[in-house]
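Hello,

Here is the structure I promised to pass on. Please open it first, then read my notes below.

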Amino acid sequence: AMYHCDFLQTPRFTFEKEYGKEWFQRIGEMWGVAGLVKILALGKKKTLLAGLNDYESSVANTAIVFTPEGKLWALNEAGAPF
């Protein structure tokens with residue numbers, strides 16, 4: 001097995017780092033009525049207030065693994081291809 005981890009500083013990460021704390025919603029906040037309200041009411045507004053485009057505020061994460069049989073497996077969380 002082979003493993004490699006690489007870290008990209010996306011516009012979303014850079015904004016939150018400069019802001020000093022989390023600004024965008026996290027997956028753990030998206031449950032129940034309160035989570036639905038946050039998604040519908042604040043999602044776009046926070047992106048606009050941060051000065052980012054929609055595609056810049058998403059998380060991009062891809063995990064790629066070669067199996068011992070030589071197969072390539074990839075897991076992609078939707079986001080811009082940074």
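Does arginine 12 count as buried or exposed? It counts as buried, because its relative accessibility is 10% and the cut-off for buried is under 20%. Keep in mind that this is a predicted model.

Arginine 12 lies in helix 1. Its C-alpha atom is 9.1 Å from that of threonine 47.

**The chain as a whole**

The chain has two helices and two strands. Read along the sequence, the order is α-α-β-β. Helix 1 covers 11-19 and helix 2 covers 32-50. There are 82 residues, and 20% of them are buried. The accessible surface comes to about 6900 Å². Carbon and sulfur atoms account for 64% of that surface. Now take the contacts between residues at least 6 apart in sequence: 30% of these join residues at least 24 apart.

**The core**

Which residues make up the largest nonpolar core? There are five: Phe15, Trp23, Phe24, Ala50 and Leu52.

Start with phenylalanine 15. This residue sits in helix 1. Phenylalanine 15 is buried, with a relative accessible area of 18%. Leaving out residues up to four places away in sequence, phenylalanine 15 touches Trp23, Phe24, Ala50 and Leu52. Alanine 50 is 35 residues from phenylalanine 15 in sequence. In space, their C-alpha atoms are 7.3 Å apart.

Phenylalanine 24 is the next one to look at. Neighbours within four places in sequence are again set aside. Its contacts are then Arg12, Phe15, Glu16, Glu29, Lys46, Thr47, Ala50, Leu52 and Ser57. Arginine 12, where these notes began, is one of them.

**The aromatic rings**

How many aromatic pairs does a search of the whole structure find? It finds four. Phenylalanine 15 and tyrosine 19 form a stacked pair. Their ring centres are 5.8 Å apart, with 10° between the planes. Both residues lie in helix 1. They are four residues apart, about one turn of the helix. Tyrosine 19 is partly exposed, with a relative accessible area of 40%, whereas phenylalanine 15 is buried at 18%.

Phenylalanine 15 also pairs with tryptophan 23. Why is this pair edge-to-face? The planes stand at 70°, so the pair is edge-to-face, since the cut-off for that class is over 60 degrees. The ring centres of phenylalanine 15 and tryptophan 23 are 5.9 Å apart. Both of these residues are buried.

Phe15, Tyr19, Trp23 and Phe24 form one aromatic cluster.

**A patch on the surface**

Now turn to the outside. Ile27, Met30, Leu36, Ile39 and Leu40 form a nonpolar patch on the surface. Together they have about 540 Å² of accessible area.

Where is methionine 30 found? It is in the loop between helix 1 and helix 2. Methionine 30 counts as partly exposed, because its relative accessibility is 38%.

Best wishes

Methods. Residues are numbered from 1 along each chain as its sequence is written. This is a predicted model: local features need pLDDT of at least 70, side-chain atom pairs count only at pLDDT 80 or more; totals for chains, interfaces and linings use all residues. Side-chain values use heavy atoms; hydrogens and water are left out. Patches are made of residues with over 30% relative accessible area and no salt bridge: like charges are joined within 9 Å, nonpolar side chains (Val, Leu, Ile, Met, Phe, Trp, Tyr) within 5 Å. Accessible areas come from the Shrake-Rupley method with a 1.4 Å probe; for residues, only the protein chains shown count as cover. A salt bridge is a side-chain nitrogen of Lys or Arg within 4 Å of a carboxyl oxygen of Asp or Glu. Buried means under 20% relative accessible area, exposed over 50%, partly exposed in between (1.4 Å probe, protein chains only). A nonpolar core is a set of buried Ala, Val, Leu, Ile, Met, Phe, Trp, Tyr and Cys residues joined through side-chain atoms within 4.5 Å. Contact means heavy atoms within 4.5 Å. Rings of Phe, Tyr and Trp (its six-membered ring) pair if their centres lie within 6.5 Å; planes under 30 degrees apart count as stacked, over 60 as edge-to-face and the rest as tilted.
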